[in-house]
Amino acid sequence: MKKKKDGLTVITTHINADFDAMASMLAAQKLYPGSVVVFPRSQEKNLKNFFIDSMVYLFNMADIKEIDLDAVKRLVLVDTKQASRIGGLADLAEKASVEVHIYDHHPASEGDVGGDKEIFEPTGANVTILTRILRRRRIPITADEATILCLGIYEDTGSFTFPSTTEKDLQEAAFLVSKGANVDTIASLISRELSPEQVGILNEMIQNIVRHPIGGIEVAVTSISAENYIPDFAFLVQKLMRMEDLNALFAVALMGNKIYVVARSKVPEVDVGAVLGRLGGGGHPYAASAAIKGETRVQVEQELTAVLYEQVKSRRRAADLMSSPAITVDAAVTCKDAGELLNRYNINALLVTHPGSATDKTGEKPVLVGYISRQIIEKTLYHRLGHIPVQEYMNTELAVVGPDAHLAEIQEKIIENKQRILPIVEQDRILGVITRTDLLNTLVQQSKRRDRFFPDPYSAHVSARTRNIQKFMKERLPKRVFAMLKGIGATAEALGYGAYVAGGFVRDLFLYRSNEDVDVVIEGDGIAFARNYAWQAGARIHAHEKFGTAVIIFPDGFKIDVASARLEYYQFPAALPVVEMSSIKLDLFRRDFTVNTLAIQLNPKRFGVLIDFFSGQKDIKERVIRVLHNLSFVEDPTRVFRAIRFEQRFGFSIGKVTAGLIENAVRMRFFERLSGRRVFSELRQILEEENPVPALVRLQEYNLLVVIHPVLALDKEKTVLLNAVKKVLSWHDLLFLEEPYLRWAVYLLALIRGSDKKTGEEICERLEMPPRYQSLLVQERLAADRSLQRLERRPEIAGSALYRQLNPFRIELILYMMAATSQEGVKRLISNYFTQLRYIRPSIRGKDLMDMGLSPGPLFKEVLQGVLEAKLNGRLKTRAEELEFARSYSRRSLKD
């Protein structure tokens with residue numbers, strides 16, 4: 001009889017579940033009370049025995065045939081997110097009515113199921129992720145449950161010896177042992193002796209190994225056939241890896257009528273997850289598997305070999321090691337200008353090309369004629385030869401290699417020729433360069449891999465991390481914005497350009513924060529693109545030719561910022577950037593912090609592909625603000641203000657190295673070189689935050705407020721005042737008044753409270769403020785302070801007198817006064833003026849006075865003013881009373 005229960009939650013995992021998958025299902029069952037555990041198909045033999053003999057009572061288990069799939073409202077996937085690996089439950093993952101939750105430690109790959117809730121962490125065992133959640137939620141765990149969970153961690157980390165093992169795996173295993181996990185039971189299941197049958201299978205696998213040298217890396221492939229399913233096949237593959245000391249192993253096994261492939265790797269060049277993903281399987285870069293039907297063992301071996309030669313690409317080829325594009329200098333350029341190039345790009349050698357060819361403006365290929373080093377340039381400058389062309393001192397004996405050259409050839413060329421820089425050339429075209437430093441770093445990393453035996457599978461890669469997030473974008477973005485991004489990609493594609501949305505827009509997408517400041521980067525002519533797209537969309541543009549940027553402005557005011565992919569460099573500390581064309585990677589590298597370096601490709605064929613060169617996702621996840629390079633604050637000190645603003649806005653923390661760089665920039669007094677407008681712009685943005693007080697405190701901690709002006713330094717009294725401003729502004733905003741005001745100005749008025757006219761003018765001058773703001777912060781502020789002092793001395797005041805005192809002041813000054821007073825009675829007076837008195841107007845008009853027989857003239861204004869004051873004082877309630885008051889007032893005035 002099928003189980004029928006509305007709102008049913010089903011927990012499942014991948015076919016041929018191992019201990020980690022089984023443990024993950026148990027943990028998930030504890031997170032989803034009342035759920036049902038379902039195996040999609042068969043599992044390992046000793047896993048079955050384990051259930052039947054001992055721990056089956058812990059699971060609310062059901063056969064897939066017993067489940068009414070129409071009653072399922074939630075599907076929980078653990079240790080997988082591949083639809084092809086969950087058997088008959090795959091259809092559930094595609095149903096719109098079914099909510100899908102995923103807990104997985106496998107990297108994203110093609111064929112992944114999209115989840116309504118997805119939790120991913122690169123841990124050695126998947127159950128580690130779920131155990132951390134159980135621990136944080138303080139969900140009770142019995143000793144038997146702890147044993148199962150711990151067994152999953154031990155198995156999937158190879159008892160903590162696999163390269164995938166992380167600190168979190170060890171922490172959660174320790175936690176489970178503290179909860180009573182039986183290590184003896186775990187050891188009996190993990191550290192088992194080989195049976196005679198297994199010894200025979202292992203021997204056959206050794207005999208059948210074929211070693212493929214691919215890109216300088218040896219990849220081993222073995223195969224075996226058996227009439228029945230081989231239990232613990234993955235265990236035997238891992239055993240063979242250790243016995244033969246292999247870098248990468250693919251084991252192909254025919255079991256019955258199905259082919260199984262199990263793969264292991266301990267080198268980053270061989271991503272077994274990606275390789276077996278091409279065969280319909282999946283897994284980690286270091287551990288993966290696939291199950292294949294309808295093909296022979298030989299067919300699978302041939303397909304596997306072809307995929308290996310396509311997928312395994314050694315990072316020891318010149319094309320993978322080189323820096324690109326190569327920075328070149330025209331042979332006619334002076335040594336002084338060449339030195340500026342070296343400093344601009346922070347390099348130690350320049351390739352020299354034939355005169356007139358370095359910029360390649362005519363379409364001609366630059367002709368490589370030599371190279372010149374920093375050492376030579378510095379000597380020419382020392383001897384006052386900076387005006388001499390570099391061709392007079394360049395080294396013309398230059399070895400080159402092609403893009404497919406392997407490490408050994410690269411090493412020989414650089415060392416044997418004592419060459420500082422090695423050009424990578426193909427068909428006379430300069431593709432890039434490899435420096436002596438590049439070679440040294442590669443050799444050091446190679447040595448580390450050898451010494452450690454197991455490399456870190458999560459070490460940083462040169463290439464970008466990518467995954468498609470189109471579904472996530474569609475869910476998170478307004479329909480209009482999503483459609484705009486599609487249109488931008490189509491227009492760029494038609495022009496032959498690459499298009500990306502980047503920066504804060506992408507960052508906030510992952511932070512689940514609304515942000516419609518669309519920042520588009522074009523690999524090509526950004527202004528030409530903007531004109532083309534604006535014409536199609538019925539919008540207009542404002543272009544900035546110098547920076548290669550444009551703003552597309554729609555009829556309703558919506559804006560899209562467009563930039564040409566560019567590399568910025570700074571002519572001196574605190575200068576505005578000079579812009580050159582570049583690729584998207586260089587464009588992202590110029591940005592302030594790693595969290596702002598994410599980009600999403602918009603071209604139709606790759607729409608929604610997230611690009612992450614600089615671990616931006618990782619820093620968002622870890623909630624850390626980090627700069628991209630150590631001279632970031634030297635080049636642009638205003639980045640310090642942004643670092644603090646982002647830290648406080650998002651609840652992040654500034655990284656330790658970045659914090660040290662901020663302190664160094666303050667010591668070096670780079671902020672004193674900043675223009676007042678740039679400082680004011682950054683300070684203003686901080687003061688416009690919902691709560692700028694913590695950011696101001698951080699500025700104080702770094703001694704940045706006193707850099708602007710000593711009077712801005714925070715003390716206890718000023719901090720109390722700033723918090724009072726926050727409360728007053730919150731009170732004001734809750735009134736929902738449709739009148740604009742300068743939020744930042746109220747905070748700045750509080751910051752400079754107590755300063756005299758001269759000091760106020762000094763601050764305004766330092767910040768290069770426009771005259772209208774200078775008046776507000778100096779003359780008008782001092783007048784407001786005097787008015788507040790009068791109110792505090794005489795809080796008993798008539799409504800008309802209060803109106804006369806406060807009516808001349810702007811909204812910002814009224815709010816400032818309300819925050820500045822410590823007297824509750826005065827706060828109530830100002831509140832009464834702000835919410836009531838300032839809106840009071842006489843009901844009668846000049847026509848009413850004319851109907852009384854009065855002639856237009858000065859008396860009109862006098863009578864109406866008298867009516868207003870009487871109304872402010874509460875003496876007049878109705879229009880009739882106003883008319884009677886006006887008659888009486890005019891008669892008295894006429895008599896006088």
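Figure 1. The chain comes to 38 helices and 28 strands. Helices (H or I, at least four residues) and strands (E, at least two) are DSSP runs, numbered from the N terminus. This is a predicted model, in which local features need pLDDT of at least 70, side-chain atom pairs count only at pLDDT 80 or more, and totals for chains, interfaces and linings use all residues. Residues are numbered from 1 along each chain as its sequence is written, and side-chain values use heavy atoms, with hydrogens and water left out. Of the 896 residues, 51% count as buried. Buried means under 20% relative accessible area, exposed means over 50%, and partly exposed lies in between (1.4 Å probe, protein chains only). Among contacts with a separation of 6 or more, 67% come from residues 24 or more positions apart. Contact means heavy atoms within 4.5 Å.

**Figure 2. Helix α26 packs against helix α27.** α26 spans residues 676–687 and α27 spans residues 693–701. Their axes lie 8 Å apart, at an angle of about 135 degrees. Axes are lines fitted to C-alpha atoms, for helices over the stretch in contact, and angles run from 0 to 180 degrees between N-to-C directions. The two helices, α26 and α27, are therefore oblique to each other. Angles under 35 degrees count as roughly parallel, over 145 as roughly antiparallel, 65 to 115 as roughly perpendicular, and the rest as oblique. From α26, Leu 683, Ile 686 and Leu 687 meet Ala 695, Leu 696 and Leu 699 of α27. The residues of this contact divide into six nonpolar, no polar and no charged. Ala, Val, Leu, Ile, Met, Phe, Trp, Tyr, Cys and Pro count as nonpolar; Asp, Glu, Lys and Arg as charged; the others, Gly among them, as polar.

**Figure 3. The buried residues of α27 and their partners.** Val 693, Ala 695, Leu 696, Arg 698 and Leu 699 are buried in α27. The buried residues of α27 pack against α24 (639–650), β28 (653–654), α26, α28 (705–708), α29 (716–733) and α30. Asn 703 follows α27 and has a positive phi, near 60 degrees.

Figure 4. The structure holds 18 aromatic pairs. Rings of Phe, Tyr and Trp (its six-membered ring) pair if their centres lie within 6.5 Å; planes under 30 degrees apart count as stacked, over 60 as edge-to-face, and the rest as tilted. Tyr 154 is buried, at a relative accessible area of 19%. Phe 160 is partly exposed, at 23%.

**Figure 5. A ring cluster, and an arginine over two rings.** Ring pairs join Phe 593, Phe 646, Phe 650 and Phe 652 into a cluster. Elsewhere, the charged end of Arg 480 sits over the ring of Phe 554, 5.6 Å from its centre. The charged end of Arg 480 also sits over the ring of Phe 558, 4.7 Å from its centre. A charge sits over a ring if NZ of Lys or CZ of Arg is within 6 Å of the ring centre and within 35 degrees of the ring normal.

Figure 6. Arg 642 is in helix α24. Its relative accessible area is 15%, so Arg 642 is buried. Arg 642 and Glu 682 are 40 residues apart in sequence and 7.1 Å apart, C-alpha to C-alpha. Asp 619 lies in helix α22 (residues 616–622). At 3% relative accessibility, Asp 619 counts as buried.

**Figure 7. Positive phi at Asp 79 and Asn 346.** Most residues other than glycine have a negative phi. Asp 79 has a positive phi of about 65 degrees. Asp 79 sits in the loop between β3 (72–78) and α3 (90–94), and is buried at 2% relative accessibility. Asn 346 has a positive phi of about 55 degrees. Asn 346 sits in the loop between α13 (335–345) and β13 (349–353), and is exposed at 62%.
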